[in-house]
Every structure is written in C-alpha cells, then in structure tokens.
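Dear colleague,

My notes on it follow below the entry.

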Amino acid sequence: LSGKNMKKLIVKTALVTLGSLLAVFLLLLTAMTMYAPRTMASLLDSVGNRSLSLWYTELAYQKFGETDDLTDVFDKAVAAEDTERTVKYGRTLTERADFGEICAAQDASGGRITYKNYVYGNTSLAMYAEGEEVGAVLDFAAATVTEGYLPYNAYQMLLYGEAAAEDKAFLSALKSRLEVLAGSMESEALSADILYLDKILQDLT
C-alpha cells in the first residue's frame, strides 16, 4: 500500500473502532437506563450531576414504585430546587396511606426534626413558588399544626423562607391563619411568630 492509502486505512480503521465503541456505550447506557436507573443515579450523584441524578431517580420510582425511590426523588427535587417535582412528589408522599410509617422510619434514621414537617414545609414552599392559590398553600401547610405548633412546621417555613418575604398579601393571609390558630392553643413560638409577622407587615406598608 502507498503511504496515502495507508493513511486512509488507518483513519477508516480508527473511525470504525470509534463507532463500535460508541455503539457499545449507547447500548450499555440504554440497558442501564432500562434496568438499573438507581445505579445510574448513584453514579451521577458521585460526579455531582444533580439534574440527571434526579431524572434517573424519578425513572427508578416510576419503574419500580419503591418507597425509598419516592423519598429519594423528593429529597433530590428539593435539593435541586425543582419546585414542580417537589410539589408532585410531596403530594404523592402525603397522600399515601402509609405516610405515617414513612415518617416514623425517616425520623428513626436521624437528621431532620420530623420528616412530616420536612415534606409539608418544602412542598408548601414549592407550591407558593409555582404560583398556587394562597388558600390552597396554607390549607396544605396546616397539616403540620394539627398536634400543636411544633418547631419547623410548614407555617414557619413559609414565614421564614425568602420566597414570600415581601409578599404582603400572602403574609397577611398567613397572619390571619396564625391568629385563628392562637385562639385554640397556647404557644410561645406561635405568639412570637405573630409578632414577627406584625413587624414585617408594618415594614412593608
């Protein structure tokens, strides 16, 4: 072979090899996506790709329907500030008949004060960010104060979160809810939050 033909043969061989490797990679990626989305999510977590890890975790939940996948996809949606998915999977969690058992298991593992407040609080914030009706957001958040005004309840997360910090209409509606609540229970934290809301609203006038 001439030098020119030899170069063509080398280039052709390299392209065929590269194409074969790419085909194998795509087949492997397809297989992993179909049969091992959790593994893909873990790999992407290790390299810090939050958005793709969230997508694969969501795929794992849709494919297998496991509780661990549901809690993982919610956690990752919160971390990625994906408000649409946070609302979707927060509602999915709270509507499950075994949500109390899920909360008990999560609380036993340590970390958050209560998993119930974590789910309701972050979902309420995401609902607000998604532009849902004020009453619907506050009705949803109310589920965290049925047994008292506990720390880190969803009302507090809405109050102290940055999202609604200058939304006078929303804060006024929240204050009304807290005042109604104060009529049926005694709580220093609740009284303090009402006073704090008063100050914010005065500053916004």
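Helices (H or I, at least four residues) and strands (E, at least two) are taken here as DSSP runs, numbered from the N terminus. On that basis the protein chain has eleven helices and zero strands, and along the sequence its pattern reads α-α-α-α-α-α-α-α-α-α-α.

Please keep in mind that this is a predicted model, in which local features need pLDDT of at least 70 and side-chain atom pairs count only at pLDDT 80 or more, while totals for chains, interfaces and linings use all residues. Residues are numbered from 1 along each chain as its sequence is written, and side-chain values use heavy atoms, with hydrogens and water left out.

Of the 205 residues in the protein chain, 35% are buried, where buried means under 20% relative accessible area, exposed over 50% and partly exposed in between (1.4 Å probe, protein chains only). If neighbours within four places in sequence are set aside, Phe170 has contacts (heavy atoms within 4.5 Å) with Tyr128, Val134, Val137, Leu138, Leu158 and Ala164.

Thr86, Val87, Tyr89, Gly90, Leu93 and Thr94 are buried in H5, and their cover includes H3, helix H4 (67-79), H6, H7 and helix H8 (134-141).

Helix H6 (residues 99-108) packs against H7 at an angle of about 115°, with the axes 8 Å apart; axes are lines fitted to C-alpha atoms, for helices over the stretch in contact, and angles run from 0 to 180 degrees between N-to-C directions. H6 is therefore roughly perpendicular to H7, a label that covers 65 to 115 degrees. Phe99, Ile102, Cys103, Gln106 and Asp107 of H6 make this contact with Tyr115, Lys116, Val119 and Tyr120 of H7.

Finally, in H3 the buried residues are Ser53, Leu54, Tyr56, Thr57, Glu58, Ala60 and Tyr61, and just after H3 comes Gly65, with a positive phi of about 70°.

Notes: Parallel < 35°, antiparallel > 145°, perpendicular 65-115°, else oblique.
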